[in-house]
Structure formats: C-alpha cells, structure tokens
Amino acid sequence: MSTLAMTRLELRRLFVRPLAWVLGALTLAWLAWNFTLLLGSFLAAHIRLAALPDGPGYTDLVAVPLLAKLAELAFLVVPLLSMSALAGERREGRLALLLGMGLEPSRIVLGKYLALLVWLLAWLALVLAMPAALAHATAIDWGKLAAATLGMALLLASLAALGLACSAFASHPALAAAAALVLTLGLWAVNMGAQLAGVEGGAINWLAMSSHLQPLLRGLVTSVDVAWFALLAGVCLALAIRRVAAERERG
C-alpha cells in the first residue's frame, strides 16, 4: 500500500466519523458568528477609519482577526482530530494489522498526516471564503491576507504533526489529545515570563510559537518563521515514525 493509498483510506475514515463533521460544523458556525461581529464593528467605524491616512482596513479588522480566531480553535480541534490516528488504531488492533501487512511505518504516519492536513486545509479554505466573499464590495489587502493564510497553513501543519506524534506515543486517544493540547499551549506561551520581564529576542522567544505566527498574521513573511514551523513538523513526524518503527521491531 502506497502513502497515497494510505491517505485515501484515512480520509474515508475521517469523513465517515461523526467527530470530524461535528467539529467542522460547530467551529464554522462559531467563526461565522465572529465574522458577523467583526464585520459589524468594521462597518460602524468605516467612515471614521476612511478619514485616517494609514488607518486599518477590512483585512486588518475583519479577515486577519477571523484567522486569529481560527488559530485559537485549532489548539483544541487538531488534538481531537489526531488523537485516534495512531493511538486508536493501536487499541483496536489495526496498527498491528497494517504493520503485519509489511507496510512501512513512514507510509502509515505520512498517509495519516496528509489526510489530516487535507481536512485542516479544507477547513481553512472555508473560513477564508467568508471574508473573500465580500472582495467585490471592499478593498482587500491580498498580500497581507496571503501572508496570514500562509501562517495559518503552517500552524495547522505543525499542530497536525504534533498531534500525530502524541498519538504515536500515547496508549489512549484521550491521553494523546491532552498531551497535544498541553504541548501546544506550552509552545505558544513558553516566552510569557520573558515578555513580562521585558526581555526581547533570545532563545526562549525563538522557541515560542506565538513569536513566529504573529509576524505572519501582520503580513511579514520571513524564512526564519517558515523554517520554525517546518522544523517542528519535521521533528514531530520523525518521532512518530520512529515510535511506530519501534513497535514493528518489537512485533
């Protein structure tokens, strides 16, 4: 079985499970409500903001804040979606069956990761469709929106890899979800103490996820921020593959 076949199989499982549909429907409804509130606030201040030479526009006050809301939801949604990817398969005996078929651990992990990524990117696209639907009636800063979208895609990709790694090491899906959530919050706020102390820069600030996502949401794309997310995803996937490979060696 190839990685692509594994991805298709995992996608089918993902889309037939009620959890994915319930999470998708509830989060999209919540984000649609937030979009309505943000749009109402923007319209109320539109005339006053138009008089300012460099005042914030539709992208700054509606589109990017909506993506920031999506990031907050992703902290909980991604662990819930990824928790059963390997821990659930192991408990139900399907992981041993896949390994017994001679499937490479890397194909199992990457196939499940790509399926999860497809779901998350579709989720992101549906959220982006809300502010983009008004493109004909307002001025959108497409460059800033593209940078923010890139940041969100990188965030979702790295969170999916982190969730998959936790699922590979956990004995129960609930433990995997809890571990992924704690690690995500830890990575997000690891530099909180340094910020309160007024420390700028340094290794502790480099480690923080927020230090790399916020510039992208502001429209600033740097190779350092992109590399940080890629490194996090790569390390997590490597750990997950190593864990599954160790299970195969133990039989």
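Phe75 counts as buried, its relative accessibility being 11%, where buried means under 20% relative accessible area, exposed over 50% and partly exposed in between (1.4 Å probe, protein chains only). This residue belongs to a predicted model, in which local features need pLDDT of at least 70 and side-chain atom pairs count only at pLDDT 80 or more, while totals for chains, interfaces and linings use all residues. Residues are numbered from 1 along each chain as its sequence is written, and side-chain values use heavy atoms, with hydrogens and water left out.

The pLDDT is the predictor's confidence in each residue, from 0 to 100; its mean over the chain is 88, and 95% of the residues reach 70 or more. Helices (H or I, at least four residues) and strands (E, at least two) are DSSP runs, numbered from the N terminus.

We turn next to the aromatic rings. Rings of Phe, Tyr and Trp (its six-membered ring) pair if their centres lie within 6.5 Å, and planes under 30 degrees apart count as stacked, over 60 as edge-to-face and the rest as tilted. Searching the whole structure gives five aromatic pairs. In one of them, Phe15 and Trp21 have ring centres 5.9 Å apart and planes at 65°, so the pair is edge-to-face. Phe15 is partly exposed at 35% relative accessibility, and Trp21 is exposed at 53%. Phe75 and Trp188 also form an edge-to-face pair, because their ring planes stand at 65°, with the centres 5.3 Å apart. This pair links distant parts of the chain, with Phe75 in helix H3 (residues 58–82) and Trp188 in helix H8 (residues 173–189), 113 residues apart. Trp188 is partly exposed, at 24% relative accessibility.

Charged side chains come next. A salt bridge is a side-chain nitrogen of Lys or Arg within 4 Å of a carboxyl oxygen of Asp or Glu, and by this rule there are nine salt bridges. One of these joins the side chains of Glu89 and Lys112, at 3.0 Å from N to O. Glu89 lies in helix H4 (residues 87–91) and Lys112 in helix H6 (residues 105–132), so this bridge ties together parts that are 23 residues apart in sequence. Both Glu89 and Lys112 are buried. Helix H4 also holds Arg90, which is linked to Glu247 in helix H12 (residues 223–250), 157 residues apart. The salt bridge between Arg90 and Glu247 has an N to O distance of 2.6 Å. Arg90 is partly exposed, with a relative accessible area of 23%, whereas Glu247 is buried, at 14%.

A further salt bridge brings Arg94 and Glu92 together, with their closest N and O atoms 2.5 Å apart. Arg94 is partly exposed at 28% relative accessibility, and Glu92 is exposed at 53%. Through shared partners, salt bridges join Glu10, Arg13, Glu89, Glu92, Arg94 and Lys112 into one network.

Finally, helix H11 (residues 210–217) is mostly covered, with six of its eight residues buried. The buried residues in H11 are Ser210, His212, Leu213, Pro215, Leu216 and Leu217. Their cover includes H3, H7, H8, helix H10 (202–207) and H12, where contact means heavy atoms within 4.5 Å. Just after H11, Gly219 takes a positive phi of about 95°.
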